[in-house]
Amino acid sequence: MFYLCTPIFIPNLVEKETIYILAIESSCDDTSAAVLHNDKVISNVVATQKIHEEYGGVVPELASRAHQQNIVPVVHQALLKANIDKKQLSAIAFTRGPGLMGSLLVGTSFAKSLALGLHIPLIEVNHMQAHILAHYIDEETSNKPEFPFLAMTISGGHTQIVKVNDYFDMEILGETLDDAVGEAFDKSAKILGLPYPGGPLVDKHAKLGDPKRFPFPKPKVGELDFSFSGLKTSILYFIQRETKKNPKFVEENLDDICASIQYTITNILMDKLKKAVKETGINRIAIGGGVSANSGIRNVLKNAEKNYGWSTYIPKFEYCTDNAAMIGIVGYYKFKKKMFATQEITAKARYVI
Ligand code: KG4
Ligand code: ZN
C-alpha cells in the first residue's frame with residue numbers, strides 16, 4: 001500500500017493578506033473615521049455637525065472648529081467598534097481634497113501625525129474618487145461594476161459624469177457649470193422654508209406628491225455638462241408669484257412642489273446619462289455622492305435596467321453620503337499598489353480626479 005505523507009504546499013491558501021486601514025474623512029461638515037480589514041468595513045463612524053442647520057448652509061469656520069472637537073472621539077470610537085488596537089494598523093488614509101480648506105486641514109494634519117507616530121504609511125485620497133470606488137467595498141450583497149463603467153457623482157459640491165477605466169484611471173466627461181445638484185435640492189428647500197440640508201426633506205415630501213403638477217423648465221446646456229442655477233431661479237420666481245396670490249401656497253402644496261422639483265432634477269440627470277451611454281457605448285452605470293441617497297433617483301435608475309437594458313449600481317445608503325469607509329476602500333487599493341504619500345503632503349481644496 002502507498003501512503004502520501006509529503007505535505008502539499010498551496011501558496012494561495014497560505015498567503016492570506018491582512019491589511020488594516022484607518023480612514024479619516026473631514027472634507028465638509030461630517031467628521032468620519034472607519035476601519036477596514038482588507039476591502040471589508042469593520043467600523044464606520046460619522047459625526048454630522050448640526051450647528052450649520054441654523055445658518056441654512058455650511059459655515060466653513062464653524063465646520064473646521066467642529067472637526068477639531070470631533071476628530072479624536074470619532075477616531076477613538078471607530079477603533080473601539082472595530083476592536084482594533086492602533087498598533088495593528090497597516091496605514092492611515094485621509095481625504096486630501098476637494099473640500100473646504102479649514103475642514104480638510106484638520107483631517108490631513110491628524111492623519112499625518114498619527115502615521116508619523118505609529119511609523120506606518122500615509123495614503124492620500126481624492127474625495128470624488130472615493131465616492132466612485134465606494135462600490136468596491138466588499139459586502140455580502142455587493143454587486144461591483146466591471147471596468148469600464150460610467151459613474152455619476154452627485155453631491156452637495158459636485159455633479160460629474162466620469163468614465164472609469166480602472167481604479168485610478170478616470171476621465172471626467174461632463175460636469176456642472178454652476179451649482180451642484182445637491183445645492184439645487186438644498187437651495188430649493190430653503191426657498192420653501194425647509195431647514196438645511198433640505199435634500200432629504202424634499203425627498204420625504206416628494207414621496208407624497210404629484211411629480212407632474214408643476215412643470216419647471218430644464219436647462220439647455222451642451223455636451224454632457226449640467227447647470228442648475230436657472231432651475232433655482234425659476235423655482236424662486238414661481239414661489240414668489242404664487243405666494244402673492246395665496247400666502248399659504250407653499251404650505252398647501254408642499255408635497256406636490258417637492259415632487260415636481262425632484263422629478264425635474266431627476267429628468268435632467270437621466271437625459272445626460274442617456275446621452276453619455278449613447279456616446280460611449282458603455283451601459284454600466286454607477287452613482288455616488290450624497291444625492292444618490294435620493295429615492296426618486298434610485299427608483300429611476302433601478303427601472304433603467306428593464307427600460308434601457310442598463311446595468312445599474314447603487315451604493316448602500318450609508319456609503320452614499322460622506323463617510324470614511326469610502327476613503328478606506330481607496331486606501332486599501334492604494335496600499336496594495338504601495339501608493340503612499342510623504343509627510344510633505346498638504347490638503348488641496350480644488351483637487352481634480
Ligand atoms: O456627498 P455629500 O454627503 O457631501 C458632499 O460632498 O457634498 O452630499 C450632501 C448633499 C446635500 O446637498 C444633501 O442635501 C444631499 O446630498 N442629499 C440628498 C438626499 N440625501 C442627501 N438630496 C436629495 N435627496 C436625498 N435623499
Ligand atoms: Zn461627498
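A polar contact here is a pair of N or O atoms within 3.5 Å; within protein, one must be able to donate a hydrogen and the other to accept it, and residues adjacent in sequence count only if both atoms are side-chain atoms. Keep that in mind for the ligand.

Ground rules. This is a predicted model, where local features need pLDDT of at least 70, side-chain atom pairs count only at pLDDT 80 or more, and totals for chains, interfaces and linings use all residues. Residues are numbered from 1 along each chain as its sequence is written, chains are lettered from A and ligands numbered from 1 in the order in which they are written, and side-chain values use heavy atoms, with hydrogens and water left out.

Ligand first. An oxygen atom of ligand 1 sits 3.4 Å from a polar backbone atom of Gly 182. For Gly 199, a polar backbone atom is 3.3 Å from an oxygen of the ligand. Gly 157 also places a backbone N or O atom 3.3 Å from a ligand oxygen. How much of the ligand does the protein bury? Alone, ligand 1 exposes 550 Å², and 89% of that is buried by the protein. Those areas are Shrake-Rupley values with a 1.4 Å probe; for residues, only the protein chains shown count as cover.

Now the shell. 19 residues surround ligand 1; the criterion is a heavy atom within 4 Å. The closest are Gly 156, Asp 186, Asp 203, Gly 290 and Asp 322. By class, the shell has five nonpolar, 11 polar and three charged residues. Elements giving two or more residues are α4 (127–133), α5 (181–191) and α6 (199–206). Helices (H or I, at least four residues) and strands (E, at least two) are DSSP runs, numbered from the N terminus.

Next, the sheets. Strands pair if DSSP finds at least two bridges between them. One open sheet has five strands, ordered β3-β2-β1-β4-β5, with mixed pairing. Its edges are β3 (40–48) and β5 (122–126), each pairing on one side only. Neighbouring strands are turned by 20 degrees on average, direction ignored. Axes are lines fitted to C-alpha atoms, for helices over the stretch in contact, and angles run from 0 to 180 degrees between N-to-C directions.

Inside this sheet, β2 (30–37) pairs with β3 in the antiparallel sense over eight bridges. Thr 31 stands opposite Ala 47 in β3. Helix α10 (325–336) packs on the sheet and touches β1, β2, β3, β4 and β5. Contact means heavy atoms within 4.5 Å. The direction of α10 makes about 135 degrees with that of β1. Helix α3 (101–118) lies across β1 (20–25), β4 (91–97) and β5, at about 160 degrees to β4.

Another open sheet also has five strands. Its order is β8-β7-β6-β9-β10, again mixed. The edge strands are β8 (169–175) and β10 (311–313). Twist averages 25 degrees from one strand to the next. β6 (149–154) and β9 (284–288) are parallel partners over four bridges. There, Leu 150 stands opposite Ile 285. Helix α9 (295–308) packs on this sheet, touching β6, β9 and β10, at about 150 degrees to β10.

Which peptide bonds are cis? Gly 97 to Pro 98 is one, with omega near -5 degrees. Pro 98 is in the loop between β4 and α3. Tyr 196 to Pro 197 is another, with omega about -10 degrees. Pro 197 lies in the loop between α5 and α6. Then Glu 223: not a glycine, yet phi is positive, about 50 degrees. Glu 223 is in the loop between α6 and α7 (229–245).

Conventions. Nonpolar A, V, L, I, M, F, W, Y, C, P; charged D, E, K, R; others polar.
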